[in-house]
Structure formats: structure tokens, C-alpha cells
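Hi,

Here is the structure I promised to pass on.

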Amino acid sequence: MYSLSGKVVAITGAGNGIGRALALACTARGAQLVLSDIKEAHLRETAQRVEKLGGRAVIRVVDVAKRDEVEAWAAAAAAELGGVDVIINNAGVALLDTLEDVPYEEFRWVFDILFWGVVHGTRAFLPQVRARRGVVVNLGSIHSFIAAPNNGPYCSAKSAVRGFCDALREEVRADGVQVLLVMPGGIKTEIVRNSKVRKFINAVASQEDVHRAHNAASP
């Protein structure tokens, strides 16, 4: 089993939800953290919780859709902590609409974060991870192989993440780098509360309707 004791772990989308839970879990296992999120207040709250557990978190506001910001974050992590052993590309968004009607700019917004955010994070940190024979962890979704209506952009982006990870795994296997693809189902996090809702179940629904349906279905 891969030990996190003394390792440096970078996590995107660490301001809440799965990202925050991962940060706290990694802290409990002895890791130092390099955390990013687009929301500074949420990121600082995560860092405070890490510190209460006796851990250390270096934080930076980063938009994973912007390659230059992710690359600058990776460079800063190397300069401050000497490099990263594990990169966890977790940042995500949600949009509900039909594939026929979703505006192209909204479709691109989903891909810029869910897919390109993974690509940016992986490529920016891969030299550091390779040097330490570490781990790349990318958040996929059960929706990459079980599609849902009105969730086409998300399903498409997560399917692209799955293909990216499968190819990357074969490319870096000989370097001693592990590539893990996590495929969660429905989890009650802020991503649903903050989702953009244009259409839901082929009918008009309010964002509150979506949240109520999610809360009723989530464990």
C-alpha cells in the first residue's frame, strides 16, 4: 500500500466537498498539503481545519481551466516544498441541460474545468510526480459509463477523463508512476448546490427542485 507519511499531496477543488475530505484524510495519514480552489474563503477554511489536525497546508487560489495558473501553482509548490508526490485533480462543476439546447459556451465551460482542468493539473505536476515515483489521481465519475439525461456535458467530459487516464497509465507505467481514476457515484457535496440548471428531466425545474431530488437520493 502507498504510504502518505511524509509525502506532499496537491489537491484541486480543496475548498469543500470531496476535495476538503481528501485534504483532511491525507493530513491524518501524515501528508503535507498543497491545496488550490477558485474560492479563497473556502480554501482558507480547509487550511484551518488541516492545521487543527496538526497538519500543514500551502494554499493558492487557482482556476484549473487556466493553464498558466495551474503551471504557476505547480512551480510554486516545487519551490516551497521541493516537489509533489501526489496530484489529485478533483475540481468540478455541474450543468444540467439537454445536448440539443445547451449553449456552446456553457458546454466549453464544463469541459474547461472537468477535462482540461485534469489535463492541466496532470501535465503541470507530472515531472515532479515522476521524479518521486508518485501517484496521479483523477476524479472521474460513474457517469462516464452510465449516462444520464440532461447531464450530457458532464458525462462527455468525464468520459474524456477516463480515456485520458487509461492512456496516461500505459505511458508512465515504466516510470514507476501510478495513475488512479476514481469513479464516484452520487455524493452530497456543494457541486450540486452550485450547479447551473437550465433543464432537468426534460422539463422546467428550479435549482431548488434539483437540490431536493439530489438530497433525497444521496447517501
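This is a predicted model: local features need pLDDT of at least 70, side-chain atom pairs count only at pLDDT 80 or more; totals for chains, interfaces and linings use all residues.

Below is what turned up, starting with the rings and ending with a pocket.

Residues are numbered from 1 along each chain as its sequence is written, and side-chain values use heavy atoms, with hydrogens and water left out.

Searching the whole structure gives 5 aromatic pairs (rings of Phe, Tyr and Trp, the last by its six-membered ring, with centres within 6.5 Å; planes under 30 degrees apart are stacked, over 60 edge-to-face, the rest tilted). One of them is F107 with F111, a tilted pair at 6.0 Å centre to centre and 45° between the planes. These two are 4 residues apart in helix α4 (residues 104-114), so about one helical turn separates them. Helices here are DSSP runs of H or I, at least four residues, and strands are runs of E, at least two, numbered from the N terminus. Ring pairs join F107, F111, F115, W116 and F164 into a cluster.

Elsewhere, K7 lies over the face of Y2, 5.2 Å from the ring centre (the rule: NZ of Lys or CZ of Arg within 6 Å of the centre and within 35 degrees of the ring normal).

Which elements each supply at least two residues of the second largest pocket's lining? They are α1 (17-28), β4 (86-89), β6 (135-139) and β7 (178-182). The largest share, 4 residues, comes from α1.

Cheers
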